[in-house]
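Let's walk through this fold together, one piece at a time. Have the model open beside you as you read.

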Amino acid sequence: MKRQNQSSVVEFILLGFSNFPELQGQLFGVFLVIYLATLIGNAIIIVIISLDQNLHVPMYLFLLNLSVVDLSFSTVIMPEMLVVLSTEKTTISFGGCFAQMYFILLFGGAECFLLGAMAYDRFAAICHPLNYQMIMNKGVFMKLVIFSWALGFMLGTVQTSWVSSFPFCGLNEINHISCETPAVLELACADTFLFEIYAFTGTFLIILVPFLLILLSYIRILFAILKIPSTTGRQKAFSTSASHLTSVTLFYGTANMTYLQPKSGYSPETKKLMSLSYSLLTPLLNPLIYSLQNSEMKRALMKLWRRRVVLHTI
């Protein structure tokens with residue numbers, strides 16, 4: 001959609017945590033450490049899976065895509081937030097704000113569907129082990145990955161285009177840590193009712209439908225695990241599923257509360273904390289969850305480390 005000419009706002013001010021000036025320095029340090037740990041953790045997973053041919057199977061290739069999304073998602077938000085915390089007044093251009101919104105929606109939407117695809121992969125592996133290779137063949141895997149990224153791209157394009165078409169002619173202070181859609185929409189000086197209906201419906205489909213499919217998959221997985229006769233087999237099946245379920249709970253829980261709520265549902269500070277949960281904590285914890293609970297990932301990491309040590313000593 002074309003942006004209307006009556007928009008007079010050429011830049012926005014990100015307030016971040018300006019209500020707590022005494023904490024700005026400490027928050028900057030904490031978030032910088034978290035961001036660096038997120039980059040390193042996800043980069044390690046991408047490198048390990050890319051280099052180890054034994055991990056070139058759907059389960060780990062989905063994880064590789066998830067790490068790319070998490071690394072990108074964090075990079076879209078964190079550098080700007082660190083700038084906000086290190087300066088008294090942080091401005092972001094009109095175009096820069098909507099570019100950030102676009103990528104937040106793109107990577108957030110892609111993560112929703114990737115988590116759903118990973119649940120389907122675990123369902124196929126545990127509930128139909130004999131037919132797993134046929135159910136999750138290369139063609140199906142590629143379609144699920146492409147579909148996840150395409151839906152994220154479509155979500156970002158449609159929603160960002162629509163929001164940027166509204167006139168912004170009054171306040172330009174965004175009381176949030178980033179240019180997320182709900183925070184920016186509050187500043188539009190136009191009737192946004194139609195967009196809110198679309199946004200709620202779209203968010204319902206994009207967040208809740210995959211979540212319900214994941215929930216159903218794990219109910220089936222739980223019953224299948226309970227039928228496994230050996231304790232070792234049950235533990236292995238539960239271990240591979242528990243890590244994914246933990247990621248789902250972290251991401252979907254806070255995303256649902258942020259995007260499927262009335263405007264007055266939570267205070268601005270609560271919204272910021274919920275946003276931090278899925279934009280900061282989930283990308284940080286995913287590498288730890290998947291690597292610490294997975295013997296194959298630990299084996300591949302040790303193999304890569306030993307190779308590095310050998311090359312270093314030559």
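At what angle do α3 and α7 pack, and how far apart are their axes? Before we get there, a word on ground rules: this is a predicted model, where local features need pLDDT of at least 70, side-chain atom pairs count only at pLDDT 80 or more, and totals for chains, interfaces and linings use all residues. Residues are numbered from 1 along each chain as its sequence is written, and side-chain values use heavy atoms, leaving out hydrogens and water.

Now the answer: α3 and α7 pack at about 20 degrees, with their axes 9 Å apart. Those axes are lines fitted to C-alpha atoms, for helices over the stretch in contact, and the angles run from 0 to 180 degrees between N-to-C directions. The helices themselves (H or I, at least four residues) and the strands (E, at least two) are DSSP runs, numbered from the N terminus. The two helices are therefore roughly parallel; angles under 35 degrees get that label, over 145 counts as roughly antiparallel, 65 to 115 as roughly perpendicular and the rest as oblique. α3 passes α7 in a left-handed crossing, meaning that the near helix is turned anticlockwise from the far one by less than a right angle (clockwise would be right-handed).

Next, go back towards the start of the chain. Helix α1 (residues 24–51) and helix α2 (residues 58–86) come within 9 Å, axis to axis, and cross at roughly 160 degrees, so α1 and α2 are roughly antiparallel. This crossing of α1 and α2 is left-handed. Their contact has 22 nonpolar, eight polar and one charged residues. Here Ala, Val, Leu, Ile, Met, Phe, Trp, Tyr, Cys and Pro count as nonpolar, Asp, Glu, Lys and Arg as charged, and the others, Gly among them, as polar.

α2 also packs on helix α3 (residues 94–127), at about 160 degrees with the axes 9 Å apart. That makes α2 roughly antiparallel to α3, and their crossing is left-handed. The α2–α3 contact has 17 nonpolar, four polar and five charged residues.

What about the strands? Three of them form an open sheet in the order β2-β1-β3, with mixed pairing. Strands count as paired if DSSP finds at least two bridges between them. β1 (residues 11–14) runs antiparallel to β2 (residues 90–93), joined by four bridges; Glu11, for instance, has Ser93 as its bridge partner in β2. β1 runs parallel to β3 (residues 173–174), with two bridges, and Ile13 stands opposite Glu173 in β3.
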